[in-house]
Amino acid sequence: MIRATLNFPKGFLWGTATAAHQVEGDNTNNDWWAWEQQPGRIVQGHRSGKACDWWGGRWREDLDRAAEGGQNTHRLSIEWSRVEPSPAVWDESALEAYREMIRGALDRGLMPMVTLHHFTNPLWIAEQGGWLNAEVVPFFERYVRKVVSALQDLVGLWVTINEPNVFSTLGYTLGGWPPGEKSVGKTMGVARNMILAHAAAYRAIHEIQPGSLVGLAHHYRGFRPANPRSPLDRWTARTRSRLVNDLFPSAFADGVFRPLLGRERIPQAAATQDFFGLNYYTVERIAFDPRLPGQLFGRGFYPENADLSPTGFLANEPEGMWGALTWANRFGLPIYITENGVEDAGDRMRPRYLAMHLRQLWRAVNFNWPVRGYYYWSLIDNFEWERGWTQPFGLWEVNPATQERRKRPSADLYAEICRANALSSETVARYAPEALDQVFPAKSVSPGQA
Ligand code: GAL
């Protein structure tokens, strides 16, 4: 076999991502912990519990695994409720524990990317109305100032908020996440406060640490009209994409907030990203359905022939990664893939998912688009929110009852890629032979298909 290689630029960042509540354990002082105690909220009544026991110190062995796997960066998050357990009361020992964790990452050759808000809120924030209360903006800024002042000598790459679209939609439109609201109006109010909070945090971080890079991790979801010839399908898919995908990044580009109806100028939000963090997982088909006004008259589904993940949560749609990158590149900023991955306990789909998505990333890199790095979600299986422990995304398997780890083949695949800074046909042939033709097409293809 002729060996071909997809090379990535020198200095490309290869890592994995985690989030505090999903791996630390014992985050008893936040709204998710309280939510988990309510019957019916989490699949099979699962709880985060000790999670992956990072707060108990197991981050050390897991970051060893990341470093031994050839990774050179790690994305992690800070738990607000640990740092500020009650209003303006700071737990310096929690901050010291994060300093140790981040120093531990640096010592292992893992450049830290640090997220300041990854879905969870201190109980005291939730009790004061959470993200519906405009006061959350100064509260968030105060917390960000404290964390950045404490960690600035160790961290230069900040994600203020993870997936504001997912946070606001699941918590305030669909109601499956805390606080369980089902109101589009409230969702838009939360979105507005998140835009203001990011803008305030962006300025605060730069004031403290002028040379730092600050952005968000945006969740991009592909929405394709079920029937491309149907104007109604096209309309509902486009409207959904506008709200889910465009709302936040467009506000951070030009300072205009465009909710469903009307628009509002928020000038302080304009030009408040130094980089574009992109989380991409999948593409859905959208069909017009007059019975679903709360979902913008659109029904989302995966087509029958989709390459579905074992729990049916995701379809393997690598072309969607290309769509996501094309979309993100319009904002004219350096791009980091801050999350991408699949839940797959048996590790049968993950190798091809990884190889096929990295091919799309390589295409962008070779168009000289400013893609700086890639973070696979996730290093280890962890607590997947309302889906509990039923969705193992890890390169490493975790048994939460015993805290045992077991390496999946994808951990070795990813290590080969990270070490070589490249994906070779030989590697794909060994780990995902079924995807070889798609990652390295043998026949000539038209540019549109490449
Ligand atoms: C993202 C989220 C992560 C993780 C992942 C997989 O939306 O940021 O925390 O849960 O999905 O479900």
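The dialogue that follows goes from the whole chain to single side chains.

Q: What kind of model is this, and how many helices and strands does the protein chain have?
A: This is a predicted model. The protein chain has 15 helices and 15 strands. Its radius of gyration is 21 Å, close to the 22 Å that the globule rule gives for 450 residues, so the chain is as compact as a globular protein of that length. The C-alpha trace spans about 65 × 55 × 45 Å along its principal axes.

Q: What share of the residues in the protein chain is buried?
A: A residue counts as buried when its relative accessible area is under 20%. In the protein chain, buried residues make up 58% of the 450 residues. The accessible surface comes to about 17,400 Å², and 53% of that belongs to carbon and sulfur atoms. Of the contacts with a separation of 6 or more, 74% are between residues 24 or more positions apart.

Q: How is a pair of aromatic rings described?
A: By the distance of the centres and the angle of the planes. The whole structure holds 33 aromatic pairs. In one of them, W14 and Y414, the ring centres are 6.1 Å apart and the planes are at 80°, so the pair is edge-to-face. W14 is in strand 2 (residues 13–17) and Y414 in helix 13 (residues 409–420), so this pair ties together parts that are 400 residues apart in sequence. Both W14 and Y414 are buried.

Q: Which residues form one aromatic cluster?
A: The cluster is formed by W80, W124, W131, F139, F140, Y143, F167 and Y172.

Q: How many salt bridges are there in the whole structure?
A: A salt bridge needs a side-chain nitrogen of Lys or Arg within 4 Å of a carboxyl oxygen of Asp or Glu. A search of the whole structure gives 36 salt bridges. Between E426 and R3, the closest N and O atoms are 3.8 Å apart. E426 lies in helix 14 (residues 425–431) and R3 in the segment before strand 1 (5–7), so the bridge ties together parts that are 423 residues apart in sequence. R3 is exposed, at 55% relative accessible area, and E426 is partly exposed, at 33%.

Q: Which residues are linked in a network of salt bridges?
A: The network links D53, R58, E61, D62, R65 and R405.

Q: Where is P351, and which residues is it in contact with?
A: P351 is in helix 12 (residues 350–366). At 3% relative accessibility, P351 counts as buried. Leaving aside neighbours within four places in sequence, P351 is in contact with S410, L413, Y431 and A432. P433 is 82 residues from P351 in sequence, and their C-alpha atoms are 9.3 Å apart.

Q: Which residues make a nonpolar surface patch?
A: V184, L260 and L261 make a nonpolar patch of about 280 Å². L261 is in the loop between strand 7 (256–257) and strand 8 (264–265), and L261 counts as exposed at 76% relative accessibility.

Terms used
Residues are numbered from 1 along each chain as its sequence is written. This is a predicted model: local features need pLDDT of at least 70, side-chain atom pairs count only at pLDDT 80 or more; totals for chains, interfaces and linings use all residues. Side-chain values use heavy atoms; hydrogens and water are left out. Patches are made of residues with over 30% relative accessible area and no salt bridge: like charges are joined within 9 Å, nonpolar side chains (Val, Leu, Ile, Met, Phe, Trp, Tyr) within 5 Å. Accessible areas come from the Shrake-Rupley method with a 1.4 Å probe; for residues, only the protein chains shown count as cover. Helices (H or I, at least four residues) and strands (E, at least two) are DSSP runs, numbered from the N terminus. Buried means under 20% relative accessible area, exposed over 50%, partly exposed in between (1.4 Å probe, protein chains only). The radius of gyration is taken over C-alpha atoms; the globule rule is 2.2 Å times the number of residues to the power 0.38. Contact means heavy atoms within 4.5 Å. Rings of Phe, Tyr and Trp (its six-membered ring) pair if their centres lie within 6.5 Å; planes under 30 degrees apart count as stacked, over 60 as edge-to-face and the rest as tilted.
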